[in-house]
Amino acid sequence: MPDQAHGSAAARRAEESVSARFTRIMNASTSRWGVLTDPPLVALASGAFLLAFLAALGRDAGPAVARALGALALAPIAVALAVSVALRGARRAVVAWLARQPFPVENLNAVLNGLGEALEVTFAGAVPDSAELNVELDKVHPDAFVTGGVEDARTLDIRIGVVDSKRNPAATNHQRYARVRELVERVLVPLAERYPIQSVRVK
(Lines give C-alpha, C1' and ligand atoms only; values in the text may rest on other atoms or scores of the structure.)
Protein backbone atom coordinates (compact mmCIF):
# COMPACT_ATOMS: atom_id res chain seq x y z
CA MET A 1 0.00 0.00 0.00
CA PRO A 2 2.75 2.55 0.86
CA ASP A 3 4.45 1.73 -2.47
CA GLN A 4 1.21 2.40 -4.33
CA ALA A 5 0.77 5.70 -2.50
CA HIS A 6 4.35 6.69 -3.31
CA GLY A 7 3.82 5.71 -6.94
CA SER A 8 0.66 7.78 -7.16
CA ALA A 9 2.38 10.77 -5.59
CA ALA A 10 5.34 10.45 -7.97
CA ALA A 11 3.03 10.19 -10.98
CA ARG A 12 1.05 13.22 -9.85
CA ARG A 13 4.24 15.18 -9.22
CA ALA A 14 5.58 14.24 -12.65
CA GLU A 15 2.29 15.13 -14.35
CA GLU A 16 2.31 18.59 -12.78
CA SER A 17 6.00 19.31 -13.41
CA VAL A 18 5.80 19.67 -17.20
CA SER A 19 3.59 21.65 -19.56
CA ALA A 20 0.06 20.36 -19.95
CA ARG A 21 0.52 20.48 -23.73
CA PHE A 22 3.79 19.98 -25.59
CA THR A 23 4.69 22.23 -28.49
CA ARG A 24 6.28 20.88 -31.67
CA ILE A 25 9.71 21.85 -30.32
CA MET A 26 9.12 20.01 -27.04
CA ASN A 27 7.97 16.87 -28.83
CA ALA A 28 10.90 17.05 -31.24
CA SER A 29 13.44 17.41 -28.42
CA THR A 30 12.57 13.97 -27.08
CA SER A 31 13.66 12.11 -30.23
CA ARG A 32 16.67 12.00 -32.52
CA TRP A 33 14.19 12.08 -35.40
CA GLY A 34 12.63 15.30 -34.13
CA VAL A 35 15.06 17.33 -36.22
CA LEU A 36 13.14 16.16 -39.30
CA THR A 37 10.21 18.34 -38.18
CA ASP A 38 12.29 21.53 -37.95
CA PRO A 39 10.58 24.05 -40.32
CA PRO A 40 13.79 25.70 -41.64
CA LEU A 41 15.31 22.28 -42.40
CA VAL A 42 12.11 21.06 -44.05
CA ALA A 43 11.85 24.26 -46.12
CA LEU A 44 15.50 24.04 -47.19
CA ALA A 45 15.25 20.41 -48.29
CA SER A 46 11.91 20.89 -50.01
CA GLY A 47 13.09 24.10 -51.69
CA ALA A 48 16.20 22.45 -53.11
CA PHE A 49 14.15 19.72 -54.77
CA LEU A 50 11.60 22.28 -55.95
CA LEU A 51 14.30 24.27 -57.70
CA ALA A 52 15.56 21.09 -59.34
CA PHE A 53 11.99 20.30 -60.39
CA LEU A 54 11.54 23.74 -61.98
CA ALA A 55 14.91 23.46 -63.68
CA ALA A 56 13.93 20.07 -65.10
CA LEU A 57 10.70 21.53 -66.48
CA GLY A 58 12.65 24.37 -68.10
CA ARG A 59 15.04 21.97 -69.77
CA ASP A 60 12.30 19.57 -70.82
CA ALA A 61 13.96 16.71 -68.93
CA GLY A 62 10.98 14.46 -69.49
CA PRO A 63 7.85 13.60 -67.48
CA ALA A 64 9.48 10.78 -65.47
CA VAL A 65 12.24 13.04 -64.18
CA ALA A 66 9.80 15.85 -63.44
CA ARG A 67 7.49 13.52 -61.51
CA ALA A 68 10.40 12.13 -59.49
CA LEU A 69 11.68 15.59 -58.57
CA GLY A 70 8.16 16.76 -57.77
CA ALA A 71 7.72 13.82 -55.39
CA LEU A 72 11.09 14.54 -53.78
CA ALA A 73 10.05 18.16 -53.23
CA LEU A 74 7.05 16.95 -51.24
CA ALA A 75 8.94 14.20 -49.39
CA PRO A 76 10.46 16.40 -46.61
CA ILE A 77 7.00 17.77 -45.80
CA ALA A 78 5.49 14.30 -45.72
CA VAL A 79 8.30 13.01 -43.49
CA ALA A 80 7.91 15.99 -41.12
CA LEU A 81 4.18 15.32 -40.81
CA ALA A 82 4.73 11.60 -40.19
CA VAL A 83 7.35 12.23 -37.49
CA SER A 84 5.16 14.89 -35.85
CA VAL A 85 2.30 12.40 -35.62
CA ALA A 86 4.62 9.71 -34.24
CA LEU A 87 5.86 12.09 -31.51
CA ARG A 88 2.42 13.08 -30.27
CA GLY A 89 2.86 10.70 -27.33
CA ALA A 90 6.11 12.35 -26.22
CA ARG A 91 4.58 14.02 -23.18
CA ARG A 92 3.25 10.73 -21.85
CA ALA A 93 6.72 9.17 -22.18
CA VAL A 94 8.38 12.14 -20.45
CA VAL A 95 5.91 12.04 -17.55
CA ALA A 96 6.46 8.28 -17.16
CA TRP A 97 10.23 8.80 -17.04
CA LEU A 98 9.94 11.57 -14.45
CA ALA A 99 7.67 9.41 -12.29
CA ARG A 100 10.23 6.58 -12.26
CA GLN A 101 12.97 8.72 -10.74
CA PRO A 102 13.53 8.45 -6.97
CA PHE A 103 13.65 12.26 -6.66
CA PRO A 104 11.91 15.20 -8.40
CA VAL A 105 13.50 16.44 -11.64
CA GLU A 106 12.24 20.01 -11.94
CA ASN A 107 12.07 22.50 -14.80
CA LEU A 108 12.48 19.88 -17.52
CA ASN A 109 10.36 22.23 -19.64
CA ALA A 110 13.53 24.30 -20.13
CA VAL A 111 15.42 21.35 -21.63
CA LEU A 112 12.50 20.44 -23.87
CA ASN A 113 12.51 24.02 -25.17
CA GLY A 114 16.25 23.94 -25.88
CA LEU A 115 17.37 25.78 -22.74
CA GLY A 116 19.31 24.93 -19.59
CA GLU A 117 23.03 24.86 -18.92
CA ALA A 118 23.28 23.01 -15.62
CA LEU A 119 21.59 20.75 -13.10
CA GLU A 120 21.25 22.06 -9.56
CA VAL A 121 21.31 19.01 -7.29
CA THR A 122 20.05 19.48 -3.75
CA PHE A 123 20.99 16.77 -1.25
CA ALA A 124 18.95 15.77 1.78
CA GLY A 125 22.06 15.54 3.95
CA ALA A 126 25.73 15.06 3.21
CA VAL A 127 27.12 16.36 -0.10
CA PRO A 128 29.50 14.11 -2.10
CA ASP A 129 33.04 15.16 -2.92
CA SER A 130 33.16 17.04 -6.24
CA ALA A 131 36.27 15.21 -7.45
CA GLU A 132 34.64 11.84 -6.81
CA LEU A 133 31.47 12.92 -8.59
CA ASN A 134 33.44 14.28 -11.55
CA VAL A 135 34.89 10.82 -12.16
CA GLU A 136 31.37 9.46 -12.67
CA LEU A 137 30.25 12.45 -14.74
CA ASP A 138 33.24 12.03 -17.03
CA LYS A 139 31.99 8.53 -17.90
CA VAL A 140 28.88 10.15 -19.39
CA HIS A 141 30.73 12.98 -21.17
CA PRO A 142 33.93 14.98 -20.54
CA ASP A 143 31.98 18.24 -20.81
CA ALA A 144 29.76 17.32 -17.86
CA PHE A 145 31.31 18.24 -14.51
CA VAL A 146 30.67 19.97 -11.18
CA THR A 147 30.89 23.74 -11.61
CA GLY A 148 30.11 24.86 -8.08
CA GLY A 149 27.35 24.94 -5.54
CA VAL A 150 26.48 26.18 -2.07
CA GLU A 151 27.68 23.86 0.67
CA ASP A 152 25.46 25.42 3.33
CA ALA A 153 22.45 24.85 1.10
CA ARG A 154 23.63 21.29 0.33
CA THR A 155 23.66 21.89 -3.42
CA LEU A 156 25.99 21.12 -6.31
CA ASP A 157 25.78 22.52 -9.82
CA ILE A 158 26.55 20.10 -12.65
CA ARG A 159 27.25 21.37 -16.15
CA ILE A 160 25.13 19.59 -18.76
CA GLY A 161 27.81 20.26 -21.36
CA VAL A 162 25.87 20.60 -24.61
CA VAL A 163 26.83 23.59 -26.76
CA ASP A 164 24.05 25.02 -28.92
CA SER A 165 24.53 24.72 -32.66
CA LYS A 166 23.69 27.84 -34.68
CA ARG A 167 23.33 25.75 -37.83
CA ASN A 168 21.17 22.99 -36.38
CA PRO A 169 19.66 23.97 -33.00
CA ALA A 170 17.00 21.25 -33.23
CA ALA A 171 19.68 18.56 -33.06
CA THR A 172 21.31 20.06 -29.97
CA ASN A 173 17.91 20.32 -28.29
CA HIS A 174 17.67 16.53 -28.40
CA GLN A 175 21.30 16.13 -27.34
CA ARG A 176 20.63 18.24 -24.25
CA TYR A 177 17.52 16.22 -23.36
CA ALA A 178 19.37 12.93 -23.87
CA ARG A 179 22.34 14.18 -21.81
CA VAL A 180 20.10 15.18 -18.90
CA ARG A 181 18.46 11.76 -18.89
CA GLU A 182 21.83 10.06 -19.01
CA LEU A 183 23.24 12.16 -16.16
CA VAL A 184 20.20 11.39 -14.02
CA GLU A 185 20.07 7.66 -14.78
CA ARG A 186 23.77 6.80 -14.86
CA VAL A 187 25.12 9.17 -12.20
CA LEU A 188 22.52 10.75 -9.94
CA VAL A 189 20.24 7.77 -9.33
CA PRO A 190 23.13 5.52 -8.17
CA LEU A 191 24.59 8.45 -6.22
CA ALA A 192 21.30 8.95 -4.38
CA GLU A 193 21.68 5.53 -2.75
CA ARG A 194 24.68 6.86 -0.80
CA TYR A 195 23.85 10.55 -0.73
CA PRO A 196 20.04 10.96 -0.74
CA ILE A 197 18.94 13.62 -3.24
CA GLN A 198 16.12 15.96 -2.39
CA SER A 199 15.66 17.38 -5.88
CA VAL A 200 17.32 18.04 -9.23
CA ARG A 201 16.52 21.26 -11.07
CA VAL A 202 17.47 22.43 -14.54
CA LYS A 203 18.89 25.95 -14.45
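Good morning, colleagues. The model is predicted, so local features need pLDDT of at least 70 and side-chain atom pairs count only at pLDDT 80 or more, while totals for chains, interfaces and linings use all residues. Residues are numbered from 1 along each chain as its sequence is written, and side-chain values use heavy atoms, with hydrogens and water left out.

I begin with the overall architecture. The protein chain has eight helices and five strands; these are DSSP runs numbered from the N terminus, with helices (H or I) of at least four residues and strands (E) of at least two. Read from the N terminus, the order of elements is α-α-α-α-α-β-α-β-α-β-β-α-β. The radius of gyration is 22 Å, well over the 17 Å that the globule rule gives for 203 residues, so the chain is more spread out than a compact globule. That radius is taken over C-alpha atoms, and the globule rule is 2.2 Å times the number of residues to the power 0.38. Along the principal axes, the C-alpha atoms fill a box of roughly 75 × 40 × 20 Å.

Of the 203 residues, 39% count as buried. Here buried means under 20% relative accessible area, exposed means over 50%, and partly exposed lies in between, with a 1.4 Å probe and protein chains only. The accessible surface comes to about 11,500 Å², and 58% of it belongs to carbon and sulfur atoms; the areas come from the Shrake-Rupley method with a 1.4 Å probe, and for residues only the protein chains shown count as cover. Among contacts (heavy atoms within 4.5 Å) with a separation of 6 or more, 75% are between residues 24 or more positions apart.

Which residues have the most contacts inside the largest nonpolar core? They are Leu 108, Leu 119 and Leu 188, in a core of 39 residues. By nonpolar core I mean a set of buried Ala, Val, Leu, Ile, Met, Phe, Trp, Tyr and Cys residues joined through side-chain atoms within 4.5 Å. At least two residues of this core come from each of helix H5 (90–100), helix H6 (108–112), strand S2 (118–123), helix H7 (130–140), S4, H8 and S5. H8 gives the most, with eight residues. Beyond its neighbours within four places in sequence, Leu 108 touches Val 18, Val 94, Trp 97, Leu 98, Tyr 177, Val 180 and Val 202.

I turn now to the charged pairs. The structure holds ten salt bridges, each a side-chain nitrogen of Lys or Arg within 4 Å of a carboxyl oxygen of Asp or Glu. In one of them, Glu 106 meets Arg 201 at 3.6 Å, N to O. This pair links distant parts of the chain, with Glu 106 in strand S1 (residues 105–106) and Arg 201 in strand S5, 95 residues apart. Glu 106 is partly exposed at 30% relative accessible area, and Arg 201 is partly exposed at 36%.

Strand S5 (residues 197–202) also holds Ser 199, which is buried at 11% relative accessibility. Apart from neighbours within four places in sequence, Ser 199 is in contact with Pro 104, Glu 106, Glu 120, Val 121 and Thr 122.

In the segment after S5, Lys 203 is paired with Asp 157 of strand S4 (residues 155–159), 46 residues away.

Within helix H8 (residues 169–194), Glu 185 and Arg 181 are four residues apart, about one helical turn. They form a salt bridge whose closest N and O atoms are 3.5 Å apart. Glu 185 is partly exposed at 38%, as is Arg 181 at 24%. Elsewhere, salt bridges that share partners join Glu 120, Asp 157 and Lys 203 into one network.

Finally, Arg 91 lies in helix H5 and is buried at 15% relative accessibility. Its side chain makes a polar contact of 2.7 Å with that of Glu 15, and reaches the backbone oxygen of Ala 20 at 3.2 Å. A polar contact is a pair of N or O atoms within 3.5 Å; within protein, one must be able to donate a hydrogen and the other to accept it, and residues adjacent in sequence count only if both atoms are side-chain atoms.
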